[in-house]
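Here are a few notes to read with the model open beside you. Follow them in order and find each piece on screen as you go.

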Amino acid sequence: MKIFWAKQALLPDGWASDVRVDIDAVGRIDAVTVGAAEVGERVECLLPAPVNVHSHAFQRAMAGLTERRGPNASDSFWTWRQLMFRFLDRLTPEHVEAITTFVQMEMLEAGYACNAEFHYLHHQPGGVPYDNLSEMAERVAAGAEASGMGLCMLPVHYQFGGCDGRALGDGQIRFGNTFERFQALHAGAVEAVKALPEDAGYGVAPHSLRAVGVEDLRQYSTAFARGPIHMHLAEQIPEVEEVEAHWGVRPVEWALKNMGLDQRFCLIHCTQMLPEETVALAKSGAVAGLCPITESSLGDGIFDGVRWLESGGAVAIGSDSNIRIALSEELRTLDHSQRLRDNSRAALATVEHSTGRRMFDSILAGGAQATQRKSGRLEAGYWADMLTLDTASEHLWGRSHDTLLDSWIFAGDDRLVVDVWSAGRHMVQGGRHVGREKIVAGYLRTIEALKDAL
Ligand SMILES: [Zn+2]
């Protein structure tokens, strides 16, 4: 049992003062009392900590290394592809575990409490499975155990090199499985999750419309009867054109007609949608998993957040390529993209709520929905996924309630995050992960071992 007392806290029905929060021994919130006498550990500003709904952990080690062009000026993916191939020739399970632990440490320090890992690096270099088919998934789970971060394991089914069903290319063979072998791998990954603390969960992830067969895509929601289903959708123009060329309709239309999209689904990116697709997909109940920093980095396009939220759509935030781990910056980038496109200000604000408040409320709910994790609310029965902000900082001094959130997101950065708890585990204290030294040392050893490939 642990008791906190917050001068101000963001509760499901809004800001409250003098809030007592009781946490039980497994990390669930036991009771929330407003207007309570000061007791237990005092914090100034207590917020629910959101979920990071989309990450490919191993890519963190490639961040910053793909900013050059190759010999063909029109091929902006050239350096990325070259590096990825070299990298994939070298990565071992030990490397993946060390990188995963490191990036999750950074996510916790940024204010996220849980990581939905879209895990697709399954096999040995050359594509032969490890003796233990789910070896890599076990390494991802081991990373979560070491970092103390909540995990939603999303093993990825990746089978084809394109909509025509062509074989995987050299850079993809470590990802590939038939549906049958993928089901076996998934079962092994589920076992790895069961060995983690009770808050850990799992789902499933057909990689994209290009990488999985039509018949398999149609049966996903019945083949996997429980848990969230995540999939990349409508990220870039060539992908939209390829789906349209092969199946006669655009990706969003195909998914809506064939996949039974509902609240179980989280569709990643959705940066290439027509206005009518945005409205229809929002109304399906599926979450849009947005990764604004990566989408900016890759030039994917701009998600229509204004129309999506107006249509009642759910959103969540992920860090995808992990080129930067920065929660407040993801939100700022999302909002700024809307302003730049529309020549507007405070694009995502409403009459009732400021931009920061509306985005933060939205990603708390959307992240919980997308991982089926009971989180995102300071309320009895929910996991104690929580963070505090440094209200003594010059960037937040004198600010309260929604203006405090706005100041963090638009005028500050993640250095204002002081404490983070994941299901009651107090992993970030004074702005630093409690295991930072050891985790960074393990990461640096990995980078040293990979330096010839990077
Ligand atoms: Zn992705």
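1. Start with the pairing of β7 and β8. Strand β8 covers residues 201–202, and two bridges tie it to β7, with the two strands running parallel. To find the spot, look for Cys 152, which sits opposite Gly 201 in β8. Keep in mind that this is a predicted model.

2. Now look at β6, residues 114–119. Strands β6 and β7 are also parallel, and six bridges join them. A handy landmark here is Asn 115, which lies opposite Leu 151 in β7. With helix α3 (residues 135–147), these two strands build a right-handed β-α-β unit.

3. Strand β9, residues 205–206, pairs with β7 too, in the parallel sense and over two bridges.

4. Is β7 mostly covered or mostly open? Mostly covered: the strand spans residues 150–157, and eight of its eight residues are buried. Buried here means under 20% relative accessible area.

5. Last, sort the side chains of β7 by direction. In a regular strand, side chains alternate between the two faces of the sheet. In β7, Gly 150, Cys 152, Leu 154 and Val 156 point one way, while Leu 151, Met 153, Pro 155 and His 157 point the other way. Whichever way they point, all of these residues are buried.

Note on methods. Residues are numbered from 1 along each chain as its sequence is written. This is a predicted model: local features need pLDDT of at least 70, side-chain atom pairs count only at pLDDT 80 or more; totals for chains, interfaces and linings use all residues. Side-chain values use heavy atoms; hydrogens and water are left out. Buried means under 20% relative accessible area, exposed over 50%, partly exposed in between (1.4 Å probe, protein chains only). Helices (H or I, at least four residues) and strands (E, at least two) are DSSP runs, numbered from the N terminus. Two strands pair if DSSP finds at least two bridges between them. A crossover is right-handed if, with the strands pointing away from the viewer, the path from the first strand over the helix to the second runs clockwise.
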